[in-house]
Amino acid sequence: MRHLKQCLILLIAIIWFMILIPYFLLQTSFGANFVADSLLSQQSPYQFLIKNIDHSFANPYEITLNNVSILDKESQQHLLLAGKVVLALNKSNPLQLKSFDYILIKDGIINYPQTIKATEAIQANLLQLLNVEVMFQDEHTLSMQRVNGGIKPWSLGELIDRNKDFQFHFTIESLTLDQFTTQSVVIEGLQKNQTVFFNSFGGNINKGFFTSKARYLPDNSWLIDELQLNHLNLQTSLSLQELQNVTSHWPKMNINYLALLNSTLDSPELKIERANLVVRRLQHNEDKWQLNNGNITFNADNLVWQEELFTQPVIQLSGQDQRLNIDKLITSWQKGIINLSGQWQDNQLSLDQVAIMGINYTLPESWQTYLSDHKLPDTLQTINIKNFRVMPSILIDIQPEFPMQYTYLEASGNNLQLAANNQWGLWQGKLSLKAEHSTVNTVTLRHMAASLDIQEPKGDTTPDILVSMNALTTDGLLDASGKINLAENKVSNAELSGYSVDPVLLSRWKLIDNPPSDNNFILRVDGQISPLNLNGTLALKQLNRTLLYQVKQNHRVTN
């Protein structure tokens, strides 16, 4: 009996020895290499390296792997480099080595592949990351630095498996998606029924910050419930068209609420200082942005567009069906104010009213060439103004060959069409002008009044403009009328009458070279506008007789 007892004690000791020897060997470099090479790498498309394995009876269900490396044998790309990986065994089934209570990755780099080659899925109730860098690349490049947080539950597979429900929460020191970078990011949400809910997504951008709440829907479209950006300072070398091309590749998107506050934009064509923008119910689909029965409110300290400075602009827009309503647009410009309202629909801009007050504007030198040669975009095929008004303003044309200045200028117009078929021009309507004081190529005029009646074109013809004008000169009175066709570059039935007017006016206005000295005349001509080439007659009233001269090409006068 005593001998049997000793044998049992010896057997138990041997068993414990056989258990403890592998236990301690596994915690050595030899044991770690054996596990990595023979148990993990041999039957896997990945090469595993583990420096050592730790285990403590204080936490019996935890296994710690130190200095872990996982290498894709085919691409020779490291998928994981980690200072520490903690595997928490499932307490209900600790021998199941593919299902864990949690997995902790600390101080590492994860280069997430587009496809996972593992034949059997590894899963955990929680995947936790501490100070980890994560990179992922397909058609977009995603890089995240110093990631802390977790996903529960988690299973090895696609980065986002749309068929599984899970929760996630991360803090990220720096996140870069393609060329877009943000810092101090917080992401919290869940996936349920193939919809990803971003309950909170925010971070810092260019000395500003943003907060948002959004949903990524099963059809791969986005529903952004709320997006607010504060103190954003965006500088870009891209033109407005290039920026639009960037957004044209975006997926279908619905934005319920967008706010851009105290922000600045600096691009080659457009500069905005301290802007506030609030948008409700904005939709992006098939390369187009539109308001889905929503509205836009915008204001800024300064806006520079096409080298023109607009101060304190306020814009209010609303969308209804396929129409964009300009409920309000008011801004300071050239020491005055512009105020307008109207709507845009079917590539046509129709303005109900345009009011310009107190501006002091100098036309660019090449303004005529710009209007004749510049085609408007397809989104502005026509421009119509129902009511147009200019209140006392100053307008200056600095063309050296024919400078003009109109002081205390006023204007009113009705049913004006300023663009047709993407081309600037005077296509339809009536316009009246008057100026207290004018200087037209060194000729001084007072109380000038003019009217333009743009005739509706017939068929495919271009419109004729009936023009009339009268003004006081230094000593006399001018009266003029005629018909102009800008598209055909011609003037017809033009008549200019001068009563006690210095005839030098005719040469200064380049109508006639070396005119007679009589100050009572009637000039009747037809011809070409540019370059000016007129033919007709010049009648001079001298006492009881009238002298008639012929006006021929090159503005010569023959008796």
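This is a predicted model: local features need pLDDT of at least 70, side-chain atom pairs count only at pLDDT 80 or more; totals for chains, interfaces and linings use all residues.
The structure holds six salt bridges. Three of them are described below: Arg-146 with Glu-173, Arg-215 with Asp-225, and Asp-301 with Arg-274.

**Arg-146 and Glu-173**

- Arg-146 pairs with Glu-173 in a salt bridge, and their closest N and O atoms are 3.3 Å apart.
- The bridge joins distant parts of the chain, with Arg-146 in strand β7 (residues 141-152) and Glu-173 in strand β9 (residues 166-177).
- The two residues are 27 residues apart.
- Arg-146 has a relative accessible area of 42%, so Arg-146 counts as partly exposed.
- Glu-173 is also partly exposed, because its relative accessible area is 43%.

**Arg-215 and Asp-225**

- A salt bridge connects Arg-215 to Asp-225, with the closest N and O atoms 2.8 Å apart.
- Arg-215 belongs to strand β12 (residues 208-216), while Asp-225 belongs to strand β13 (residues 222-230).
- The partners are 10 residues apart, and the pair links distant parts of the chain.
- Arg-215 is partly exposed, at 26% relative accessibility.

**Asp-301 and Arg-274**

- Asp-301 forms a salt bridge with Arg-274, and the closest N and O atoms lie 3.3 Å apart.
- Asp-301 sits in the loop between β17 (288-299) and β18 (302-305), and Arg-274 sits in strand β16 (residues 270-285), so the bridge ties together parts that are 27 residues apart in sequence.
- Asp-301 has a relative accessible area of 26%, which means that Asp-301 is partly exposed.
- Arg-274 is partly exposed, with a relative accessible area of 47%.

**Ala-275**

- Neighbours within four places in sequence aside, Ala-275 is in contact with Leu-260, Leu-261, Asn-262 and Ser-263 among others.
- Its contacts also include Phe-298, Asn-299 and Ala-300.
- Ala-275 and Leu-232 are 43 residues apart in sequence, and their C-alpha atoms are 9.5 Å apart in space.

Terms used: Residues are numbered from 1 along each chain as its sequence is written. Side-chain values use heavy atoms; hydrogens and water are left out. A salt bridge is a side-chain nitrogen of Lys or Arg within 4 Å of a carboxyl oxygen of Asp or Glu. Helices (H or I, at least four residues) and strands (E, at least two) are DSSP runs, numbered from the N terminus. Buried means under 20% relative accessible area, exposed over 50%, partly exposed in between (1.4 Å probe, protein chains only). Contact means heavy atoms within 4.5 Å.
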